[in-house]
Amino acid sequence: MPIFDVEKLSWLNGTWIRENLTPEAFAQKYVEWALNPEYLMKILPLVIPRVETFSDVADVAGFFLKGMLPITKEDFASVKMEEETLRKAMQFALWRLEALSKWEKDEIFNEMKTLAQTLEIKPKDFFAPLFVAISGTTASVSVFDSMAILGSDISRARMRTAVNVLGGSRLRKKQNVGKKSSQPFKLRVF
């Protein structure tokens with residue numbers, strides 16, 4: 001698997017933007033990327049019930065317009081799990097998400113609910129760290145809707161970041177919790 005230097009790619013992308021796009025061209029590209037009607041129509045049904053003013057939209061939906069989130073271990077402080085349990089739960093969740101072939105809300109939900117039951121963690125408690133990994137907070141729009149909208153690549157990348165922040169990379173043994181399969185989970189890290 002190829003390894004990319006994400007920081008260098010971001011720097012190169014920023015350099016290209018500054019050297020090649022006028023403010024008008026930048027605005028047009030941004031609208032095409034983040035504010036296109038198709039993408040907005042996926043997000044707005046989740047956002048509208050949670051806002052009182054238009055200025056609230058950025059707080060509620062800003063994570064939909066970002067790449068990787070700057071999460072830290074402290075962001076998981078309100079999660080009701082022992083540190084080791086949290087680390088393992090997130091690692092197993094990542095492995096299960098990486099093995100998921102159909103990336104749809106119901107499939108993601110069912111996989112995570114089954115894993116929570118297998119690990120004997122209340123679903124509400126199990127889902128809380130997923131919210132942090134995907135949206136940067138424990139209070140957000142539906143984490144499963146969010147993952148479906150964001151897509152598998154960014155959702156899995158955010159989960160990998162969360163696992164690394166929590167020290168999950170220490171879980172070297174690739175365990176296949178609750179699944180009967182001959183294929184082990186694969187942990188991919190940027």
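Visitor: What share of the contacts in the protein chain between residues at least 6 apart in sequence join residues at least 24 apart?

Guide: The share is 70%, where a contact means heavy atoms within 4.5 Å. The model is predicted, so local features need pLDDT of at least 70 and side-chain atom pairs pLDDT 80 or more, while totals for chains, interfaces and linings use all residues. Residues are numbered from 1 along each chain as its sequence is written, and side-chain values use heavy atoms, without hydrogens and water.

Visitor: Why is Glu120 called exposed?

Guide: Exposed means over 50% relative accessible area, buried under 20%, and partly exposed in between, with a 1.4 Å probe and protein chains only. Glu120 has 74% relative accessibility, so Glu120 counts as exposed. Of the 190 residues in the protein chain, 38% are buried.

Visitor: Where does Glu120 lie?

Guide: Glu120 is in the loop between α6 (105-118) and α7 (123-135). Its phi is positive, about 60°, although Glu120 is not a glycine.

Visitor: How many helices and strands make up the secondary structure of the protein chain?

Guide: There are 9 helices and 0 strands. Helices are DSSP runs of H or I with at least four residues, strands runs of E with at least two, numbered from the N terminus.

Visitor: What makes Phe109, Phe126, Phe127 and Phe144 a cluster?

Guide: Ring pairs link these four residues. Rings of Phe, Tyr and Trp (its six-membered ring) pair if their centres lie within 6.5 Å; planes under 30 degrees apart count as stacked, over 60 as edge-to-face and the rest as tilted. The structure holds 6 aromatic pairs.
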